[in-house]
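The sequence and the structure are shown first, and the description follows.

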Amino acid sequence: MKTEQIISNPTAAYAIGTTDGTDWKLGYPLTVAGCLIMRCTRGHAEITINSRKFSIHPGKMAFLVFDMVAVPVKISDDFIGKFIALDFDAAQNIFFLVTSNRFWDYIYKYPIFKINNSLNGIVGKWFEVLDWITDHCSEQSAEKALRNETENFMLVMAEQVESHLGQLGTDPPKNRAWVMIYEFLGLLNRYYAHHHTVSFYANKLNITPNYLNIIATRNLGITAKEQINLQLTLVAKMLLNTTDLTVKEIAERLHYDDPSYLCRIFRKQTGLPPIQYRNSQKQ
C-alpha cells in the first residue's frame, strides 16, 4: 500500500492511512498481517478474494483477513481508499471479542460489501475520528484509543449484520481452542508456500498434530491437513487465473518437487485438473 500519507503517529498494532493503489502489484496477493478495513472514497478497483472477483467503489467497504488470498487485478487511476490495518495480535483480539459467528460467516462470504445509506456517513466520521487520534495523540495514547475505537466499531458492525439478517442473538464465548485455530491460520498464511505438513504448524503451536486436527475439525469443519490443502489450492487458483505460469512453475513456487502431487490436491479440492480449471475460467 502507498505509505506517503499514512499516519502521523504510527503504532505497532494499528496503522491508519490512505492508498491510491499504486503500491499494489497487480496479479499478486496483498500482504495482510492481521486484518484490513478499507472504505473506498473515490474511483474503483477489482480484487479477487479466494478466487472470487469483487468490485469496490464509493459506498463499499473491504474487510480483508490474513487467511484470505486477496489479489488486485484492476485499479482505476482515480482510486482512493481509506484504511485501518491491524497486525496479527490486534486482529486476534478482535476475533476473540466479536463472538458473532453469523458476522464472521457474512464477512467471509462478502469480504467487500455495500454500506447502507444510514451507515455510510457514520463510517466516514469513524475514519475521521481515527485520523484525529493519530494526529493529536501520543503514540501510547493513540494505540489505546485506536484499539477502543476499532473494538467498538466491530461490535456495532456485528450487531448491524445480525439485525440485517434478522438473527440477532447471543453466541457462546470463544475458548482457547478457537484462539489457537486462528493462530494456526495466521501461521499458515505466512508459511504455506514452504511448509505443507500438519506437524510443522503443531510444533509452532506447541501441541500435537493429532490435537491440531481435532480442534481444526471442531472449529473449521475440516482437518488441519485439509485446511493446508485448501490454502494451497486457493493460491494455485489465483496463479492460474492471473498469470501465465505453467503448472510446473506453480508447483515450484509452492515448493512441490513433484507437480503431480499438487495436481492431485488441486483436483480433489476443485474437481478439475489445473489446466482444465484455467481453460474454464477463460470461457
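## Terms and basis

For the residue classes used below, Ala, Val, Leu, Ile, Met, Phe, Trp, Tyr, Cys and Pro count as nonpolar, Asp, Glu, Lys and Arg count as charged, and the others, Gly among them, count as polar.

The model is predicted: local features need pLDDT of at least 70, side-chain atom pairs count only at pLDDT 80 or more, and totals for chains, interfaces and linings use all residues. Residues are numbered from 1 along each chain as its sequence is written, and side-chain values use heavy atoms, with hydrogens and water left out.

## Overall form

The secondary structure of the protein comes to eleven helices and eight strands (DSSP runs numbered from the N terminus, with helices being H or I of at least four residues and strands being E of at least two). The radius of gyration, taken over C-alpha atoms, is 19 Å, close to the 19 Å that the globule rule gives for 283 residues, so the protein is as compact as a globular protein of that length. That rule is 2.2 Å times the number of residues to the power 0.38.

Along its principal axes, the C-alpha trace spans about 55 × 45 × 40 Å. Of the 283 residues, 49% are buried (under 20% relative accessible area, with exposed over 50% and partly exposed in between, for a 1.4 Å probe and protein chains only).

## Strand 7 and its partners

Strand 7 covers residues 80–86, and six of its seven residues are buried, so this strand is largely enclosed by the rest of the structure. Strand 7 pairs with strand 1 (residues 14–19) in the antiparallel sense, over six bridges; two strands pair if DSSP finds at least two bridges between them. In this pairing, leucine 86 of strand 7 stands opposite tyrosine 14.

Strand 2 (residues 35–42) is also paired with strand 7 in the antiparallel sense, over seven bridges. Here glycine 81 in strand 7 is the bridge partner of cysteine 40.

## Helix 1

At the start of helix 1, the backbone nitrogen of aspartate 89 lies within 3.3 Å of a side-chain oxygen of aspartate 87. Helix 1 spans residues 88–97, and its buried residues include Phe88, Ala91 and Ile94.

Phenylalanine 95 lies in helix 1 and counts as buried because its relative accessibility is 1%. Between phenylalanine 95 and valine 179 there are 84 residues in sequence and 8.3 Å in space, C-alpha to C-alpha.

The largest pocket holds about 500 Å³ of space. Its lining comprises 18 residues, the closest to its centre being Asp67, Tyr108, Tyr182, Leu185 and Leu220. Pockets are found on a 1 Å grid over the protein atoms alone, as open sets of points where a 1.4 Å probe fits, with protein on both sides within 12 Å along at least five of seven lines; lining residues have an atom within 4 Å of a point. Helix 2 gives the largest share of this lining, five residues, and the lining has nine nonpolar, five polar and four charged residues.

The second largest pocket has a volume of about 390 Å³, where a volume is the space filled by probe spheres set on grid points joined across faces, edges and corners. Among its 22 lining residues, Pro29, Leu30, Thr31, Asn189 and Tyr192 lie nearest the centre. Helix 8 contributes the most to the lining of the second largest pocket, with four residues. By class, that lining has 16 nonpolar, four polar and two charged residues.

Note on methods: Polar contact = N/O pair within 3.5 Å; in protein donor to acceptor, adjacent residues only side chain to side chain.
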